[in-house]
Amino acid sequence: MTEMASTIVPAELGCLDVPLSIHKRRWRSAFVTIYCSRAFQSFFQSVSDNNGFKLDQRTLTQLVKEKSLGKLQELGGAEGVTSALKTNAKLGVCGNAQDVAHRIEAFGSNTYKTAAAKKFFHFVWEACQDLTIFILIGCAVLSLAFGIIEHGLREGWSDGGSIFLAVILVISVSAISNYRQHIEFDKLSKVGSNLQIEAVRNGIRLQISIFEIVVGDIICLKIGDQVPADGLLLEGYSLEVDESSMTGESDHVEISQSHNPFLFSGTKVVDGYAQMLVTSVGMNTTWGEMMSQISSDTSEQTPLQSRIHRLASSIGIVGLLVALLNLIVSKIYYFTGKTKDKHGKKEFNGSRTKVHHVIIAVVGMVGTAVTIVVAAIPEGLPVAMTITFCYAMRRMMADNAMVRKLSACEIMGSATTICTDKTGTLTMNHMKVTKFWIGENPVEEAYSSISSGLLSLIREGVAMNTTASASRHISGTGFEFSGSPTEQAILSWASLELHMDMDTLKNNCVIQGVEAFNSHKKRSGIVIKRKVDNTMHVHWKGAAEVILAMCTSYHNASGDIFDMDDVAKQELECIIQGMAASSLRCIAIAHREVSAEEQVVPEQKTLLKDNGLTLIGLVGLKDPCRPGVKKAVENCHYAGVNIKMITGDNIFTAQSIATECGILKPGQDTISEAVIEGVQFRNYTPEERMEKVDNIRVMARSSPLDKLLMVQCLKQKGHVVAVTGDGTNDAPALKEADVGLSMGLQGTEVAKESSDIVIMDDNFASVATVLMWGRCVHNNIQKFIQFQLTVNVAALVINFVAAVSAGEVPLTAVQLLWVNLIMDTLGALALATDKPTKELMENPPVSRTEPLITNIMWRNLLPQALYQIAVVLTLRFRGSTIFGVDDKVQDTLIFNTFVLCQVFNEFNVRKLEKKNVFKGLLTNKIFLGIIALIIVLQLVMVELLNKYADTERLNWGQWGVCLGIAAMSWPLGCVVKCLPVPQKPIFSYWEVKKYIRTPVKL
């Protein structure tokens, strides 16, 4: 038994070993399986839930990009996607901070990555590419090399090193100016792209930034809107979009719930209205991917900048030629033995002169030529342009004008005609119903006199046939309205005066078809089916005469219906004209009950009946003129700019508003053809249009194509045309005009993208301000050109005459660079900061063929340059005798006097034609500060930086002499402005003027 036991036990133990290891392996396998399954389950659950949402971003993105109707049906249609995104199709998202943050975390924000901004060193490299910089660097190298050869390393490096330092300063100033301009453009671009979109959140329609849109938002779209994100159509009527920005195809795409409910970010709504569900935002959209690869180009050159660069290059070439001539003359003088050294001996004696003496002499000649080149190059001009445009754009933004295209700043100074809209631009765009007629009788405040049936019909037509909305204020008292000003005014009137319950009416009806309002048809209609009795009704609303032409009968206040014979129609037309003459916008509302059989045509499309209607009533809306608009119109007329009002309103309303605004003088009417309708202008022959277009002041009942035709005619007659527009259909006219001005508040995104300047407050007074700024930009640039050329002409002549006659120049290269850099850069800033004044409006528009340097500028700059030349050359040849000083002090007097002459001359150029150059001086603190800074810097240059500037310290008496001589430029400038100038440009007296000055088309 023991042996057996001993044998059995191991056997049993062995038997036990096998099943234990198997169970362990099985247990471990089961554990791993369970663990992995739970991990995968957790992973897929997190993916499917996507932070609590039933759809992930990838599914949503592919759904819209692939336009997959099958996939959409699998997800339960647009309603299923709405539910999966935890959104209510009627109320929208919750919209609180926590909900918005949660959605951004799950699906991202509606922003896209932008291309890397240009760094500062990019602009440093660009500045180094300038031809003038190459010339200056070459001059510095030559000066440094020859200086070391002539004076040795210890003393000879100063001139060349100083020029190198000045070149570095020039590059730095240019780079800083361009970099700041780039930053300004970037800021304006961000402002321009921050669109306001209407969204439904927590049951309330509100305006939000396009960057605040999140996945799940319900967005309201109308004609002219840009689709702000990818999404699905929830409900809409007659919706068509322009997808050319995405596909390149110009054909409009119809969007419908059954065939194509997919909407893409960046496309434009061209017809209809709708509500969409946002499914993808930002970088998850195709538009976001495209925009992230596009960088804004701020290197645009305006026509004036191109002309300035050509002028600077031409002056530089003249300087090179003069320097070359000076070098040739100097060499002739030297090698013919006409030059003498300090001891009165000939410098060159043929073969007896040592080689190194000849080299030193040639080095000196080349150095003098370099100095002349430095004097000639107007490196301040490009910097002045940059500073002027940057300052003007910033100030115009403060004056409610956002510049989208830089050239528009200067072209506005040449504008001869402004074609303006009426509503919102000349008027307040704050509509209010002030008159209501039923049939041939006015209804005052006693709306109880209207029969209940007719009142119900009015409420139904107003509530259903609108793109606006009315909702109770969150406090429970009053209403909040959204939509166009006209729609808001009618809704407000119906809600407050007629006690209309919009929500109840919408719940009691089913919409069968819609024709959205557009500026061409000037009407909107809707077909509805009442749930209570399944009857179908058509409601129309629009311009009174348009709707009236569709009616064959009309209601009276009792609800009775009368046939509209010729007498009744004429009476109603008189009522419409009377309201229009009182500056009221007249809207008619009409109705027709139709059977379902009559509505449905063989193609199974429900159509709106637009004939046989019954007129319900006429609504008169008052839109008062903006305060100050009459004064702005008067200022434009005073400045020689014609104002033409182009409106879609009734001719009588247009004439009344135009007279009130001052566009139309009392007595001007349709007889003189100052007031016409668009169809009349359209039907003129081309010859008649060209003949009569100048006399037209008001064009009523016009279409966008009429506006485009007007612009084309005016441009053909040589006018520089600025046009205001706010609608999508205004885009062709805005693009065709020399300057397109879109409206920032009521303008559609299509109109804004087609314009050059956006008027942020929709006010005509701001348009007049833009006109003043356009003239101010041109005037400030002309001031600086006059100032710069005075410096360059004087310095060039002084150095050339002194070099040819005496073999030395009184102004060194470093001193001239100091003048050109410090005086011109700071001088440009001082002159660029002059704000628009009423004096600018006293002159006619700037002609687009006017020379860059006018006769007035030549008259002003030549006497000043001649005075400076005379003074400096007198000091150069007689200064030591007159003041009893050595040559070093004499050269310092010359330098100091020359700089101070520029300081005093800067006051002169503030007014190109006015004698009183100090008017308004105290209001420009920047100018005064810069003048003070220049004087301080000059004081430092003369008294402290002697080694760098090659100067000697001056005593008080010598400073007084310099100031006295420089101050004489003030009386000289006053006397010079008394001289008359011919109207004909100077260069036109030469037959070769076309080779000298070619007009630039702006």
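Helices (H or I, at least four residues) and strands (E, at least two) were taken as DSSP runs, numbered from the N terminus. The model is predicted, so that local features need pLDDT of at least 70 and side-chain atom pairs count only at pLDDT 80 or more, while totals for chains, interfaces and linings use all residues. Residues are numbered from 1 along each chain as its sequence is written, and side-chain values use heavy atoms, with hydrogens and water left out.

Leu324 lies in helix α10, which spans residues 303-335. With a relative accessibility of 47%, Leu324 is classed as partly exposed (buried, under 20% relative accessible area; exposed, over 50%; partly exposed, in between; 1.4 Å probe, protein chains only). Together with Ile328, Ile332 and Tyr333, Leu324 makes a nonpolar surface patch of about 360 Å².

Thr535 is located in the loop between β15 (523-530) and β16 (536-543). A polar contact of 2.7 Å joins the side chains of Thr535 and Asp533; such a contact is a pair of N or O atoms within 3.5 Å, of which, within protein, one must be able to donate a hydrogen and the other to accept it, and residues adjacent in sequence count only if both atoms are side-chain atoms. Beyond its neighbours within four places in sequence, Thr535 is in contact (heavy atoms within 4.5 Å) with Ile528, Lys529, Arg530 and Glu593.

The structure holds zero disulfides, a disulfide being a pair of cysteine sulfur atoms within 2.5 Å. The cysteine sulfur closest to that of Cys661 belongs to Cys625 and is 3.4 Å away, too far for a bond. Cys661 is buried, at 0% relative accessible area. Cys509 is also buried, at 8%.

Note on methods. Patches are made of residues with over 30% relative accessible area and no salt bridge: like charges are joined within 9 Å, nonpolar side chains (Val, Leu, Ile, Met, Phe, Trp, Tyr) within 5 Å. Accessible areas come from the Shrake-Rupley method with a 1.4 Å probe; for residues, only the protein chains shown count as cover. A salt bridge is a side-chain nitrogen of Lys or Arg within 4 Å of a carboxyl oxygen of Asp or Glu.
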